[in-house]
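Trainee: I have a new model open. Can you show me how to read its helices, sheets and chain contacts?

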Amino acid sequence: MVNLRFIGRQITGAKRQCAVFVLGVALSMVTLVSLGSFSRSVNASLLRDAQALHAADVVIHARAPLPAGVEGRLAELRNSGALKTARCYDFYSVVRSFKGEGSLLSDLKVVEPGYPFYGEVLLASGRPFVKVLTPGNVVVEKTLLDRLGLKVGDRLRIGDATLAIGDVVLEEPDRPVNFFALGPRIFVAARDLDSLGLLGMGSRVEYLTLIKISQPRELEPIASQLRAAAGDGRLRVETYKNADSRVKKFFDNLLFFLNLSGIFTLVLAGFAIQSTLFSLLDEQERTIAVMKAVGARSRFIIGHFLAVTLLLGAVGSCLGLFASLGLQGFLPALFRGLIPARVSLAVSGAAVAEAALIGFLVIFLFTALPLYRLKEVKPRAIFGKDEAARLWDRSTVFIALLGCSFFLALVLLRLNDLKAGLYFLLALASLIALACLAAEIALRLLRGSQPKSLALRQAVKGLFRPRNASRTIIVTLSAALAVIFTITVLERNLDSSFVESFPPDAPNVFFIDIQPGQRAEFAKVLGVPAQYFPIVRGTVSAVNGEPVDPEKERRSRGDNLSREFNLTYRSGLLPDERLTEGAGLFRKDWGEPQVSVLDTVLKMHALSVGDRVTFQVQGLPVTARISSIRTRTTGGLAPYFYFVFPSAVLADAPQTIFCAARLNRAQIGGAQTRVVSRFPNVSVIDLTEAASLIGRIMGRLSVIVRFFTFFSIVAGILMVAGAVFATRYARLQESVYFAILGARRRFVLTVFAVENLLLAAVSGVIALAVSQLAGLIICRRVFSLEYRPYPAECLLMFAATLFLVVGVGLGASFSILRLRPAAFLRERADE
Amino acid sequence: MNKALLTLITLLLTSTPALAEAEGTIVAMGDSLTAGLGVPARDAYPAQLERKLKEAGYRWQVINAGISGETTSGALSRIDWLMRLKPDVVILETGANDGLRGVDTRLTRSNVDRIVGKLQERGVTVVLAGMQMVKNLGPGYVADFTDIYPSVAKKRHLILIPFFLAKVAGVPSLNQADGIHPRAEGYRIVTDTVYPYVVQAIERHKKNTAHTATR
């Protein structure tokens, strides 16, 4: 039978602990629901975008007309109404102005009606694409009009046909940003294809068959049938779900990080829940002892406290759900620029259900230990025989292992990556182990110290009072802070590397294949200051006489020595380079050819200063001795070279010039036209859009990182509050004894403040040390970036930690200070 | 057996001597079709050609001087560099990248002509590899492009391979997935195509050399 009055009294008699418990549950709920809903909203949006990006549900790519088997299968499916098709033909052609002057290599896309099945082709006139692209008309990119001096309405010779320019295309769904387009886009209606006379034997065309599936659930079965019919692998059948999408990979990585952060917040919140429950149950120890003395069984007692836990959990869950709903209004602003504006971030029912289940499991796991411990309370506790109850036995170890298994399963479920999950848990375990070791050393040093100040002495003694939680607080606080500090330091380093590497004067337009004899005139035609780099193409054929096996190299993951490299020559370092080995770029005392190597090459092959590398430079072998190893200090879009030689070695070699320039948006079109008209052999790569997009994304990402890190900070604060409550009774006792001995309230406050300051300082120092080490390793090994310690930011975080912990600790202790000694002693006498 | 002697015999048996005392040097100058993009070096046509010549008794060294992605402008700029190899015969295969980028055919023609001129000034016998361009670039462009090689060959009295990729271009089974670069079997056919013209060039070079010596 449930005694509701008992449950009510427990809650009303421990309001502070219950508040922390409820907030811990609410925080878990907010984290789970927000992340779960965001993940579902983004995935749904990405799938919609993926359809638009492919303009279809399924796309068959081929270099020749489809084989009869595939055509036959498509016809059957079309006749049965299972799908619709639209063919597209993508190829380059040299088009000419009908007036006779001027020709231009252009990227033609011949499309059947139906294209695009998803997304829109936006035209400058605003008219519907399907109405403009009729036989006899074409739709072109503005660049074509600029380059050929034409306007809408003029005629264009394409192959054997003459077609009229109907409109200008602004945007097409399945061609987002094309960095390497060799020519402007021209859309042609499929009914004009034969008249062009451009397709046939000897043509290089990409044949695309776009497919729209009538029933979404038939997507994979139909794709599988088509792959089976395709057979030999010369066709590529892609669905919008499994096609390689950089945007999807980006969001997968972002969600990976956010999920990790969310799980970490859950762990902290769980510890906050656990320590407040320990504190609440400790205060009720005598009550429980009395209940057992009058015959109540452990099952009855545990059952009632479990009911208290579940009730508080339910309240916390509802609070968390309301907070999540409120957060949905804020999330769009947070993620603006990263996700399409049309995405509506709503709380999803599935996310709520999942959060409720996970939340329940978290509460169960973190409260199991304190509740289980209740059975250790003996009736003789009434007499104040404070035996330290045995915490760890087979059952409690089992509960702890169950908790670890749960989090491993959660990590696997959320991250979908066993290796990453195991690394995460290993990292967490290592962090906790390191924090334990550091805490133990710090506490031993403190225990052995003999400060002169009385308040400081008492504060140090307070750390070791009976049933103190100093070690627990330091370990969990320093572990939590270490993660938060590491994220902050990494974010600052990434921020400076990427965002600051795109300063306003960073190059945004590259020109390749400039001939050496053209350089002077090119510079005049370009008309703006620019950087010029000589490029000599070569391959690596041997290292220290040992031939390089291209086949073996190609099998290795990532970049390797089997490919051609852009070699260059100069006499100094670039502004964003520094030496990691070697006294200078080249040595004056070596009489043989030398080469300076970028540290990235060391990942392909073990190399060190003094080794000899043989290059094949267009038929000529050149063996050079490694004089130095360089590294890049930023990750921006500035040019860099793996192999740099002194001028004497390569100045006579066949080479082209690569130019990196900074142009305003308004200058780019004109510069391109001038350069390509005067130097037809030069190709232009415009990275303006890409650079500004990357900059915006990185800026937005750092805001998101800070926002989700904030959740962890809140969890950390709750944990501190919970730990303070755990030692509340002992503090009460000390406060009373100090008062009896004549100490003023100010002295007691000072002692408690200094005690919290010591806890914060020790935790902060450990966290700073761990975060600096972790930041250094991650920046150098994972991101291959230069690491900066950001001492000012670290000191600020340390100061904030002191302020928070002292504030929370004192805030939790104020009620203790208000208690009058006589009232406390009277209560004890009554007991 | 003495260990040192055994080692020496092993080295003699297993070493692949460079063509010692080669009668002459052929430099295969070109783009990725010469470099052999996507196939091992031994399957690119210069290596196959050297083996074929050796089998026929011509002890001529064939050096692969192909650079993937090179245009005729790039080829023109490296003539002096390649002369360090002291070529007797140069197989010039260039222009395909000009075509794929839609470069003005007048520029391509001028570059090919100047390359041949520079080589001939230095006494090199040139074999010019004719090239064709993909049909989708347009009939006007394709015709202008195709005409470059026979007209330069006629002007400069060159040995002309009518089409470097004869019997290979457009045959899916002989080309890699990109449809442009041959597989090893494709290069075998290319080698067979090039071979008779190279032999012709060798004979012409020998005759010219003998003629110069007797004067």
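Mentor: We will take one feature at a time.

Mentor: This is a predicted model, where local features need pLDDT of at least 70 and side-chain atom pairs count only at pLDDT 80 or more, while totals for chains, interfaces and linings use all residues. Residues are numbered from 1 along each chain as its sequence is written, chains are lettered from A and ligands numbered from 1 in the order in which they are written, and side-chain values use heavy atoms, with hydrogens and water left out.

Trainee: Which way do the strands of chain B pair, and in what order?

Mentor: Strands of a sheet pair through backbone hydrogen bonds, either parallel or antiparallel. We call two strands paired if DSSP finds at least two bridges between them. Chain B has an open sheet of 5 strands with parallel pairing, in the order β2-β1-β3-β4-β5. β2 (60–66) and β5 (159–161) of chain B are the edges; each has a single partner strand, so one side of each lacks a neighbour in the sheet. On average, neighbouring strands of this sheet are turned by 20 degrees against each other, direction ignored. For one pair, look at β1 (24–30) and β2 of chain B: 7 bridges, parallel. There, B:V27 has B:I63 in β2(B) as its bridge partner.

Trainee: Which helices pack on that sheet?

Mentor: Look for contact, meaning heavy atoms within 4.5 Å. For angles, axes are lines fitted to C-alpha atoms, for helices over the stretch in contact, and values run from 0 to 180 degrees between N-to-C directions. Helix α7 (105–121) of chain B touches β3 (89–93) and β4 (125–129) of chain B, and its direction makes about 160 degrees with that of β4(B). Helix α8 (139–156) of chain B touches β4 and β5 of chain B, also at about 160 degrees to β4(B).

Trainee: Now chain A. Which residues of helix α3(A) are buried?

Mentor: Buried means under 20% relative accessible area, exposed over 50%, partly exposed in between, with a 1.4 Å probe and protein chains only. An α-helix has 3.6 residues a turn, so residues three or four places apart point the same way. In α3(A), the buried residues are A:V70, A:L74 and A:L77. Seen down the axis, they fall within an arc of 65 degrees, so they line one face of the helix; the arc is that of the directions from the helix axis to the C-beta atoms. A:A68 and A:N79 are exposed on the other side. The buried face packs against β1 (58–62), β2 (83–97), β9 (206–213) and α7 (219–230) of chain A.

Trainee: Where does strand β11(A) pair?

Mentor: β11 (509–514) of chain A has 5 of its 6 residues buried. It runs antiparallel to β20 (656–661) of chain A, with 4 bridges. It also pairs with β21 (683–686) of chain A, antiparallel over 4 bridges.

Trainee: How many residues meet between the chains?

Mentor: 36 residues of chain A contact 40 residues of chain B.

Methods. Helices (H or I, at least four residues) and strands (E, at least two) are DSSP runs, numbered from the N terminus.
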